[in-house]
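Hi,

Here is the model I promised to pass on.

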Amino acid sequence: MHPAENFNRIRRILYSTFHNPAKGKSATLEYLDGYRKSLGPASYIGLKAEINFYMKHQKKFDLVVAADVADHTDFNGIIDKKSCRIDVTTNLKYKELKTYEPLQKSLD
């Protein structure tokens, strides 16, 4: 399995776990730790940052998990009453910011 396919498979499992009333947040983080080795360091850190952002801001920004279709979007949400796409990152050097929408380039 290609690393991107593995990442997306694990990502789907984690968000399904998060939204499962019988499991929720703690199980999501526990599962993520269980996938640490198969994800590799960079993907593990990136997915952990994404999930932590979601847990912290889900209600505030009315976040919806986006499908990974190579459009720099981890979540769709509402900021300042405007619909937006959000890409969570832990390392800007891997991002091609010139390909992002202006609101996505905001580092605030």
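First, the ground rules. This is a predicted model, where local features need pLDDT of at least 70 and side-chain atom pairs count only at pLDDT 80 or more, while totals for chains, interfaces and linings use all residues. Residues are numbered from 1 along each chain as its sequence is written, and side-chain values use heavy atoms, with hydrogens and water left out. Helices (H or I, at least four residues) and strands (E, at least two) are DSSP runs, numbered from the N terminus.

Start with helix α2 (residues 24-34). Its buried residues (under 20% relative accessible area, with exposed meaning over 50% and partly exposed in between; 1.4 Å probe, protein chains only) are Gly 24, Ala 27, Thr 28 and Leu 32. These cover an arc of only 140° around the axis, so they sit on the same side of α2; the arc is that of the directions from the helix axis to the C-beta atoms. Their cover includes α1 (3-18), α3 (36-39) and α4. On the face turned away from the buried side you'll find the exposed residues Ser 26, Glu 30 and Gly 34.

Now for the partner, helix α4 (residues 41-57). α2 packs against α4 at an angle of about 175°, and their axes are 11 Å apart. Axes here are lines fitted to C-alpha atoms, for helices over the stretch in contact, and angles run from 0 to 180 degrees between N-to-C directions. That makes the two helices roughly antiparallel (over 145 degrees; under 35 is roughly parallel, 65 to 115 roughly perpendicular, the rest oblique). In contact (heavy atoms within 4.5 Å) are Lys 25, Thr 28, Leu 29, Leu 32 and Asp 33 of α2 with Tyr 44, Leu 47, Lys 48, Ile 51, Asn 52 and Met 55 of α4.

On to the sheet. It is open, with three strands in the order β1-β2-β3 and antiparallel pairing; strands pair if DSSP finds at least two bridges between them. β1 (64-65) and β3 (82-86) are the edge strands, each pairing on one side only. Two bridges join β1 to β2, and five join β2 (residues 75-79) to β3. Asn 76 of β2 is worth a click: Val 64 is bridged to Asn 76, and Asn 76 also stands opposite Arg 85 in β3. Gly 77 has Cys 84 of β3 as its bridge partner. Finally, the hairpin of β2 and β3 has two residues between the strands, and Asp 80 takes a positive phi near 50° there.

Cheers
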